[in-house]
Amino acid sequence: MTEAAALVAHARFVPAAARAVIGDRLRELEASGRIPDGILLETCHRVELLASPATVRAVAGFVPAARVLDGPATVGHVVRLAVGLESAVVGEDQVLHQLRAATRAARAARRLDPALDRLLDVALRAGRRARSWLPARRPTLADAALDRAFAAGVDGSIGERHRAVDATVLVVGAGSMGRLVAAAAHARGHRLIVASRTPARAAALAAAHGAAPVAFDPGPELLRDVAAIVGALSGPWPLTTASRHAIAGGTARVVDLSSPPALPADVASALGARLVTIDDLAGAPVVDEPLRTRLEALVAATASDFAAWAARGDDRSLAAALVDRAADVRSAELAALWRRMPDLDPGVRAEIERMASDLTGRLLRDPLERLGDDADGGRARVARELFRL
């Protein structure tokens, strides 16, 4: 029985530029075969390698800026990651989706040892359950970026026109984060313009929101007039000297969601308090205390379940496999129901979840008792065939 370990470079501890170097190094090691198992997770705020302790120890020396977690610390971290407690916006879906996709790919490539496979399984299940407790429409990192872009008191030189609902927002980047920012700005009633390294992508995103595309370097006249600039790029944002001066000498607030930063260093330095970086949004998540308490309890319960499984060793019992299969089916059906009925009252959701759990338990009670009294293994063989375990 092996345990899971993690190599974590998070924005709270490692600057964006260093995270980019760590990400490049880990991808090189993965391509060279030095990382034979596990998953590599990269988001705006983090670069993480989740793998066996042997793999993490083997590569830790190449990435000294990252933190090494193992044993219970890894278990708690991965579950907190899945339920959204390690995100700048609690309960946001992007990390959960990326974790699920990375897990699916690693399983297809047979890159997960039993302990990490099980940990990811219970963590993803906890993540699905946590999302059922949250409002159907909840804030994203894009909302957090716009909140900071239009927050009062960031810079006294910003005039009232920049606080107007129809103030102009320039979104630079048409990838997944750029699309989220554009949708959030449009929903708030801001006047939206879009720039991208690929003009066709800028045009498509702008058209989706009745907005206007502009050149990747929009030019000093436009840059002096916008209220906010939100960048979400996978590389640098090349600007002419005139455009750099326009941003630095203007009044627009700039939020750079790129990692590493896309904004030229001289412009970033000149902006001072008018600049918000992705690392600035990586502070302690803001969430109401009852929800935080409930999520923390879910993390503790999930970690306890994993510890109990680990104590049984690698040879999972048939009964545990059957319970897991039932829980997976129940979670999937509930998730589908929440998508079909996103406006259900939270109290009604909780009651449906309780009823589904009780029903599953009652249906499994007798089969589990019979499997526990299976002298010749016949019932186990039938159960494996019936439930494809």
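I looked up Pro 260 and found it in the loop between β9 (253–256) and α11 (265–271). Helices here are DSSP runs of H or I with at least four residues, strands are runs of E with at least two, and both are numbered from the N terminus. The peptide bond from Ser 259 to Pro 260 is cis, with omega near 5°.

I noted the ground rules next. This is a predicted model, in which local features need pLDDT of at least 70 and side-chain atom pairs count only at pLDDT 80 or more, while totals for chains, interfaces and linings use all residues. Residues are numbered from 1 along each chain as its sequence is written, and side-chain values use heavy atoms, with hydrogens and water left out.

I then checked the loop between α4 and α5, where Arg 110 is found. Phi of Arg 110 is near 55°, a positive value in a residue other than glycine. Most residues other than glycine have a negative phi, and most peptide bonds are trans.

I turned to the helices on either side of that loop. The axes of α4 (residues 94–108) and α5 (residues 114–131) come within 11 Å and cross at roughly 150°. Axes are lines fitted to C-alpha atoms, for helices over the stretch in contact, and angles run from 0 to 180 degrees between N-to-C directions. α4 and α5 are therefore roughly antiparallel to each other (over 145 degrees; under 35 is roughly parallel, 65 to 115 roughly perpendicular, the rest oblique). Their crossing is left-handed, meaning the near helix is turned anticlockwise from the far one by less than a right angle; clockwise is right-handed.

I listed the contact residues (heavy atoms within 4.5 Å). On α4 they are Leu 96, Leu 99, Arg 100, Thr 103 and Arg 107; on α5 they are Asp 117, Leu 120, Asp 121, Leu 124, Gly 127, Arg 128 and Arg 131. By class I got four nonpolar, two polar and six charged. Ala, Val, Leu, Ile, Met, Phe, Trp, Tyr, Cys and Pro count as nonpolar, Asp, Glu, Lys and Arg as charged, and the others, Gly among them, as polar.

I followed α5 to α13 (residues 318–340): they pack at about 35°, axes 10 Å apart. This crossing is left-handed. Arg 118, Asp 121, Arg 125 and Arg 128 of α5 meet Asp 324, Ala 327, Asp 328 and Ser 331 of α13. The classes are one nonpolar, one polar and six charged.

I moved to α6 (residues 141–149) and α7 (residues 176–187), whose axes come within 8 Å and cross at roughly 60°. That makes α6 oblique to α7. The crossing is right-handed. The contact of α6 with α7 has eight nonpolar, no polar and one charged residues.

Last, I looked at rings. The charged end of Arg 67 sits over the ring of Phe 13, 4.3 Å from its centre (CZ of Arg or NZ of Lys within 6 Å of the ring centre and within 35 degrees of the ring normal). Arg 294 lies over the face of Trp 133, at 3.8 Å from the ring centre.
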